[in-house]
Every structure is written in structure tokens, then in C-alpha cells.
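Welcome, and please open your viewer. We will go from stop to stop, selecting a few side chains each time.

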Amino acid sequence: MEKSENLKELIFPEDREEGKQKLSYDCDVCKKSFSQKGRLNMHKRVHTGENPFHCDTCGKSFSKKINLTTHQRIHTGEKPFHCDICGKSFPQSNNLTRHKRIHTGEKPYRCDVCGTSFSDQTALNSHILVHTGENPFHCDTCGKSFSKKINLTTHQRIHTGEKPFQCDICGKSFPQNNNLTRHKRIHTGEKPYRCDVCGTSFSDQSALNSHILVHTGERLFHCNVCGKSFSRKGSLTTHELIHTGEKPYHCDVCFASFLGRSAFNSHMRFHTGEKPFHCDICGKSFLQKGSLTTHKRIHTGEKPYHCDVCGTSFSQRSAFNSHMRFHTGKKPFHCDICGKSFFQKGSLTTHIRIHTGEKPYHCEICGKSFSDRSALNYHIRVHTGEKPFHCDICGKSFPQSNNLTRHKRIHTGEKPYHCDVCGTSFCDQSALNSHISVHTGEKLFHCDTCGKSFSRKGNLTTHIRIHTGEKPYHCDVCGTSFSDRSVLNSHILVHIG
């Protein structure tokens with residue numbers, strides 16, 4: 001009891017003068033009564049807005065000294081309250097009290113409307129607003145309302161740009177403490193949330209919740225406009241912007257706009273050149289985390305997407321989706337100029353450049369331009385001599401993965417592409433396409449110089465060199481140049497006898 005009285009004197013020193021007298025102190029503004037003068041003085045700050053206790057580190061002010069003391073622990077990192085069950089530490093005693101209820105399962109706060117129980121009063125108060133629909137906390141900047149004060153505080157950081165939670169490993173800052181907690185798991189590799197069905201582990205609860213829906217097939221979030229359903233609320237929110245036409249994320253460099261923050265963040269890396277996702281096997285870096293995940297499957301050989309029709313497996317979902325269209329025959333992407341249809345949106349985008357003549361990808365070595373990035377990447381290997389795709393049967397190397405895929409069919413004898421007219425089979429799609437033109441007599445590829453037409457694009461490319469004089473294939477023995485590779489191969493036989 002004496003210790004309690006000493007503590008009161010420490011918090012409210014002005015009460016010492018009153019000794020042990022039991023007096024009533026009334027607020028002149030709201031008439032509320034207090035048993036101690038110190039408590040009345042503290043209460044009056046609600047009306048005056050006075051915050052006499054200032055943080056020397058960040059300048060923030062508080063109406064109570066105890067609030068300042070608690071706040072300063074953010075800067076010092078002090079957590080004096082320890083859980084005797086799991087050892088976790090907390091900056092405030094009430095944090096520890098709530099935490100212990102995780103171990104005991106105690107939920108003493110009960111909703112009178114639906115009977116749901118909660119481990120702390122603030123959670124119950126927030127829950128009650130679900131029944132009342134009340135959002136009492138308003139943002140002065142944009143007017144948005146929230147049911148919880150903490151949600152308003154977090155929201156306001158969007159306007160202020162404040163990111164008070166900093167990673168002590170890499171220095172990155174975050175607007176919310178839970179963002180920092182999840183981020184640190186990138187450094188530690190911790191994945192404490194585990195799926196009971198397949199055993200996959202995740203770094204945060206929301207990722208696990210989304211993953212579980214893969215097993216259940218459940219899609220809880222529905223679009224009120226078109227009825228489409230989603231397994232994640234964030235996916236629905238982004239989808240709804242398609243209907244409104246809103247693109248809330250704007251690039252200050254090139255003024256492009258984006259539906260979602262992740263697309264915006266990826267775009268900004270094109271300007272900064274940042275590639276924050278690194279392969280720990282070969283060291284290659286990527287703009288997007290998804291690109292790294294897909295890349296790692298080259299090393300692991302993992303192909304998680306399986307075709308139920310023919311059994312083929314794929315390392316990327318997009319490749320799987322495109323493949324399935326071969327079975328269904330569906331070509332959902334149409335060219336508005338010539339009407340040609342495509343299995344993939346990217347193929348349509350590349351095709352349209354035939355009409356526009358656009359070649360946005362440039363080789364920094366020789367200046368040659370290309371209509372799609374993959375063609376540029378392949379071309380660069382002509383200069384570097386790189387052939388990263390190796391046949392595990394004969395050891396031959398190739399500059400492109402599809403070259404390796406076609407090559408392997410020499411060993412396996414596989415010819416998966418069949419002509420519906422004569423039944424002839426081919427080892428790759430382009431060979432089938434060329435063959436079909438024998439039946440149709442169609443010659444889609446035209447020379448802009450002389451008007452001659454060809455059934456194969458490669459034949460047109462070789463033909464154009466007659467007009468340009470280009471001879472890109474050189475003999476290493478005598479230096480003679482040729483316009484196509486087959487003539488070079490024949491020439492080399494002269495030297496080897």
C-alpha cells in the first residue's frame with residue numbers, strides 16, 4: 001500500500017500538498033469529478049489541447065508523462081515486459097497482458113449482438129462498429145473515414161509520406177510496423193505460417209490465407225459490376241479499377257499510370273535500373289520477384305503447371321495458359337488492322353508492329369532494331385557467342401530454349417504437330433505452319449521491294465538480302481561472306497575436303 005502511495009506521488013506530485021485528505025476536484029468545463037488534483041489537471045488537457053511532455057528525439061508531444069515514456073521506447077528499442085511462457089518482450093505492460101491471452105486462450109470481452117469474444121477491449125470496440133456501420137475517424141486531407149483510429153493514423157502516412165519503421169539490416173523504411181516485421185523475414189528466411197494440406201510455408205498470415213484458397217477453390221470476393229470472383233480482396237480492388245477506368249498510381253518521370261501499386265513499383269525500376277531480386281545460385285538480378293521465382297525453376301527444373309490433356313508441364317503459368325489454347329483452339333487476341341488472331345496478347349502486340357513498323361528494342365553493339373525483346377536478346381548472343389541452353393543427351397548448346405526443345409525431339413523422335421490435311425507430323429509449330437501453306441498455296445510474307453511472296457518468313461528474310469546486299473554469315477577460314485547460312489555450310493565443305 002505504501003509503495004502504491006509513493007507511485008501516486010511520483011505521477012501526481014501536486015497531490016503531496018493535500019496529504020491524505022479525500023477531496024473532490026471538479027472540471028470547470030464538463031463538471032467531471034476526480035479524487036485527485038493531479039488527475040483533474042491531466043484531464044483538463046483534453047479541453048485545452050496542452051501537450052507539455054516532449055520527446056527530445058523526434059519532437060512529438062504528449063499530454064501524459066507515461067505516454068512519453070512509452071513512446072521513447074520506440075527510439076530506444078526497450079521492451080521491459082517479458083512473457084514468462086515464450087520469452088517475447090513488449091514495451092508496455094498491457095501489450096504483455098493481451099499477448100498472454102494467446103497462450104491461455106482467454107477472451108474476456110464479448111459482443112452483446114453476435115456473441116463473438118475478443119482478447120482485448122479495443123478489438124471488441126472495433127468489432128461493434130461492424131454492426132453499427134460507424135466510421136468515426138475522418139482524414140482531414142481526403143475525407144476518407146475509418147472505424148479504427150490506428151487505421152486513420154496509418155492512412156495519413158500516405159499523404160505525409162512518413163515511414164517511421166526502419167529495417168536495421170538494410171535501412172528500408174515502412175509506414176507500418178507489421179510491414180517491417182514481414183520485411184525482416186526476407187533477411188532471416190523465416191516462414192512461420194505453414195499450410196496443413198501441402199506443407200508449404202509462408203512469411204505472413206495473409207499469404208497463407210490466400211494459398212489455402214488454392215486447395216478449397218473458394219473465391220470470397222465478388223465484383224458487383226461483372227460478377228467475376230477473386231480469392232484475394234486486393235485482387236478484387238485492382239479489378240474494380242478496370243470498370244471505373246481509374247489508374248491511381250502515376251509515374252512522375254514518363255507520366256504513365258497504373259491500376260496497382262505492384263505494377264507501378266515494377267515500372268519505376270525501369271527508370272532507376274534497380275533490380276532488387278537476386279538469384280542466389282547464379283547471381284542474376286531481376287526487376288520483379290515473380291521473374292526471379294520463374295528463373296529459379298531453370299536451376300531446379302521445377303515445372304508446376306501440368307496439362308491434363310497431353311501431360312506437358314510448364315515452369316510458367318502464362319506458358320501453360322497459352323499451351324491450353326492449342327488444345328481448345330481459342331485465339332482471344334485479335335488484330336484490328338488485318339483481323340488475325342493470336343493465342344497470346346504479347347504475340348498480338350508484336351504482330352501489330354508489323355503494321356506500324358515500330359522496332360523499340362535496339363542493339364547497343366551494332367544498332368540493329370527489333371520489334372520484340374526476345375528477338376533482341378537472341379540477337380545479342382550473336383555478338384557474345386553465349387549459348388546458355390545445353391542438351392543433357394549430346395551436350396550441344398543453343399542460344400534459345402526453344403532451339404533446345406526442338407533439338408531434343410531429334411533424340412526422342414517426338415513430332416507433336418500434325419497436319420489435319422495429310423497427317424504429316426512435325427517437330428515444331430513453324431515447320432507445320434510452313435507445310436500447311438503447301439496445301440493452301442498461301443504466301444503470307446511479301447517483299448516490299450519487288451513484291452515477291454513467300455510461304456515462310458525465313459525465306460523472305462533471306463530474299464531481302466538480295467536487295468540490301470547484306471551477307472551476315474562469314475567463313476572463318478577465308479573470310480568469304482554469304483547471305484544465308486545453308487550456303488555458308490556448303491562452302492565450308494570446300495575447306496574440309
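Start by selecting Cys363 and Cys366: the sulfur of Cys363 has its closest cysteine sulfur in Cys366, 3.7 Å away, which is too far for a bond. A disulfide is a pair of cysteine sulfur atoms within 2.5 Å, and by this rule the count is zero. Now pick Cys475, which is in no disulfide either; its nearest cysteine sulfur, that of Cys478, lies 3.8 Å away. Cys363 is buried at 4% relative accessible area, and Cys475 is buried with a value of 4%. (Buried means under 20% relative accessible area, exposed over 50%, and partly exposed in between, using a 1.4 Å probe and protein chains only.)

A word on the model: it is predicted, so local features need pLDDT of at least 70 and side-chain atom pairs count only at pLDDT 80 or more, while totals for chains, interfaces and linings use all residues. Residues are numbered from 1 along each chain as its sequence is written, and side-chain values use heavy atoms, leaving out hydrogens and water.

Next come the salt bridges, each a side-chain nitrogen of Lys or Arg within 4 Å of a carboxyl oxygen of Asp or Glu. The structure holds 13 of them.

Select Lys184 and Asp168, whose closest N and O atoms are 3.6 Å apart in a salt bridge. Lys184 is partly exposed at 28%, whereas Asp168 is exposed at 61%.

Finish with Glu162 and Arg157, joined by a salt bridge of 3.8 Å, N to O. Here Glu162 is partly exposed at 42%, but Arg157 is buried at 14%.
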